[in-house]
Amino acid sequence: MKNRKRLIVAAMLSMTLVATACSNGAGSETNAPSQSNAPDKEETIVLTINPSTWSIPTNDDNEIQKYVEEKYNVKIVNMRATDENFKVKVSAGEIPDIFPHNISEGDMVNYARQGVIASISVDEIKQYMPTYTADVETVDPNAWDIGFYDGKNWGVPRVWLNGSYGFIPTYNGAWLKAIGYNEAPKTLEEYEDVVYKFRNNDPDRNGQKDTYAFTTRGTGNQQFNEIYAAYGVNPYQFMLADDGTVTWGGLSDQAKEALKLLQKWYKDGVLDPEFLTDNNDTITQKWNNKKIGILDHNMYHHLFNQIETNKANGIEPVYGKGLIGPAGKSLAMSNGALQVPLLFGAQVEKDEKKMIKILQILEDLVSNDDAYLKTAFGLEGVSYELKDGAAEALEPYKSNNDKVLELGYGGYYNPLVERSLSMWKYHFSPAKMEFRETLNEGIETISDLLGPTPLEAKSKYSATLNPLQDEYYVKAIIGTDHIDKTFEEFKQNWLKSGGEEMLEEATKVYQERQTAK
């Protein structure tokens with residue numbers, strides 16, 4: 001009996017060993033490791049990035065970089081090129097996978113021609129970035145236009161959300177009361193009255209004639225913003241002509257009439273003569289020192305950030321609207337929301353896994369609250385806290401940018417910060433939201449008809465046309481020549497210097513877009 005039991009046990013053991021061997025594959029040894037059904041770990045992808053040329057993290061082992069690397073299974077190489085040497089590095093063959101945010105449309109065209117950047121289909125972006133795509137198209141469905149060149153799309157569309165708003169004229173409230181105004185001027189005629197009285201009627205009551213209404217940046221875009229807006233034009237933007245073609249604002253009759261008014265003000269001594277050399281810093285200094293009583297170069301978010309400074313300087317600001325003038329309605333100059341897209345290095349186009357990975361990361365950064373908060377604001381309780389739903393910076397990060405760069409948050413590891421409607425909520429306290437809506441209520445903006453569209457002729461001639469216009473506009477304002485005559489001479493010179501070719505191309509692009517719609 002005992003022998004029979006031993007035989008049964010031996011037979012069962014033999015069957016078990018055979019079954020084990022079979023499960024390990026024919027001919028395999030019984031002690032070979034069994035195969036696992038778990039998927040192989042995803043390969044770590046190396047990303048060389050340079051999303052910003054001025055907000056560059058101090059250390060490669062910063063907290064935010066480590067967070068991004070771990071969360072998305074990537075290894076990040078920070079290229080660290082600056083405004084001064086980025087193009088030099090690219091020329092030397094150092095091409096990042098993700099390009100800086102401040103690339104111009106001219107740079108985009110040149111890089112596309114040179115084979116430096118990757119083309120990418122709109123369908124692929126929409127597939128892997130559905131939330132972001134919806135946000136962009138809500139802000140402006142024309143955002144895709146900016147990235148198209150030579151029949152291809154060259155990047156992920158970007159919008160600057162604040163760019164949808166205009167520049168708000170702001171007045172020294174005490175000065176207004178001193179000259180008999182209880183509110184900001186509403187019309188261009190009232191504004192002119194304020195300009196003369198701020199210069200001649202001693203609004204600061206110090207017994208001296210040492211004040212001006214305002215100054216501005218001497219040349220280029222964003223000068224005399226509320227004046228040109230009252231005429232319905234931005235002299236440095238494309239606009240639609242009455243015949244359906246595209247023209248340049250600086251050639252328009254509206255711009256000519258605005259120049260006549262500014263020439264009159266300069267001749268009468270009410271326009272600060274230092275406007276020729278003033279810049280944003282000197283304008284702010286003059287406002288803070290109560291040498292001027294009007295600011296014209298700030299948007300609502302700039303003005304919100306100045307509230308405490310104004311209190312410290314004893315200034316009670318009064319915020320106005322766009323002036324009603326020859327254009328017939330309240331208008332404000334605007335940069336517009338459209339921007340050059342986020343560009344990728346040409347090598348990304350040849351690596352489908354990397355392209356998809358980048359798009360997936362970007363989508364998560366603007367649709368995942370935790371990912372957005374960390375990359376945009378840092379560590380909760382350390383660099384920021386949530387207060388009434390908004391992220392509020394904490395000291396020392398609030399006042400020390402070196403600490404921000406040390407931690408690594410901002411726009412470097414998330415190049416779509418403040419480009420997504422879904423996450424914009426974190427940038428607004430209830431007070432700031434109310435401030436934004438109040439200041440911009442009822443204002444229509446003027447922005448470029450084409451946005452930063454890459455035009456061959458614009459790339460070719462802007463370096464000639466812009467200085468030509470700068471020089472004429474300054475001479476027209478400070479000179480004594482009749483503007484009706486000199487303006488026509490300037491216009492013909494501008495057209496002959498490449499402007500005509502630029503307008504022809506701009507008209508073609510605009511009409512093609514209209515036909516497509």
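Domain bounds here come from an automatic or database domain assignment. For the protein chain, that assignment gives domain 1 (29–161 + 338–422) and domain 2 (170–333 + 445–516). The C-alpha centres of domain 1 and domain 2 lie 36 Å apart. Where the domains meet, 13 residues from domain 1 and 11 residues from domain 2 take part in the contact, with contact meaning heavy atoms within 4.5 Å. The model is predicted, so to speak of local features takes a pLDDT of at least 70, side-chain atom pairs count only at pLDDT 80 or more, and totals for chains, interfaces and linings use all residues. Residues are numbered from 1 along each chain as its sequence is written, and side-chain values use heavy atoms, with hydrogens and water left out.

Next comes the inside of the protein. A nonpolar core is a set of buried Ala, Val, Leu, Ile, Met, Phe, Trp, Tyr and Cys residues joined through side-chain atoms within 4.5 Å. Buried, in turn, means under 20% relative accessible area, while exposed means over 50% and partly exposed is in between (1.4 Å probe, protein chains only). The largest nonpolar core has 113 residues, and Trp265 and Phe344 are the ones that touch the most other members. Helix α20 (residues 483–516) supplies the largest share of this core, with 10 residues. A second, separate core holds 16 residues, among them Ala81, Ile103, Ala112 and Tyr149. Back at Trp265, setting aside neighbours within four places in sequence, the contacts are Tyr191, Glu192, Val195, Tyr196, Phe214, Ile227, Val270 and Leu271.

Now for the strands. Helices (H or I, at least four residues) and strands (E, at least two) are DSSP runs, numbered from the N terminus, and two strands pair if DSSP finds at least two bridges between them. An open sheet of three strands runs in the order β9-β6-β10, with antiparallel pairing. Its edge strands, β9 (294–295) and β10 (317–319), each pair on one side only. Between strand β6 (residues 170–172) and β10 there are three bridges, in the antiparallel sense, and Asn172 stands opposite Pro317 in β10. Elsewhere, strand β5 (residues 156–159) and β12 also pair in the antiparallel sense, again over three bridges. Arg158 has Gln339 of β12 as its bridge partner. Strand β12 (residues 338–342) is mostly covered, with five of its five residues buried.

In helix α11 (residues 280–288), the buried residues are Ile283, Lys286 and Trp287. These sit on the same side of α11 because they cover an arc of only 100° around the axis, the arc being that of the directions from the helix axis to the C-beta atoms. They pack against β6, β9, α13 (307–312) and β10. At the N-terminal end, α11 is capped by Asn279, which has a side-chain oxygen 3.0 Å from the backbone nitrogen of Asp281. Just after the helix, Lys290 takes a positive phi of about 60°.

Helix α16 (residues 369–377) has Ala371, Tyr372, Leu373, Thr375, Ala376 and Phe377 buried. Their cover includes α2 (63–72), α15 (352–365), β13 (384–387) and β14 (390–393). Asn368 is the N-terminal cap of α16, with a side-chain oxygen 3.0 Å from the backbone nitrogen of Asp370. After α16 comes Gly378, with a positive phi near 95°.

Finally, two loop residues are worth a look. Ser119 is found in the loop between α4 (105–114) and α5 (122–128), and counts as buried because its relative accessibility is 14%. The side chains of Ser119 and Glu349 are joined by a polar contact of 3.0 Å; such a contact is a pair of N or O atoms within 3.5 Å, where within protein one must be able to donate a hydrogen and the other to accept it, and residues adjacent in sequence count only if both atoms are side-chain atoms. Beyond neighbours within four places in sequence, Ser119 is in contact with Lys152, Asn153, Trp154, Glu349 and Met355.

Asn400 is in the loop between β14 and α17 (401–407). With 29% relative accessibility, Asn400 counts as partly exposed. A polar atom of the Asn400 side chain lies 3.0 Å from the backbone nitrogen of Asp402.
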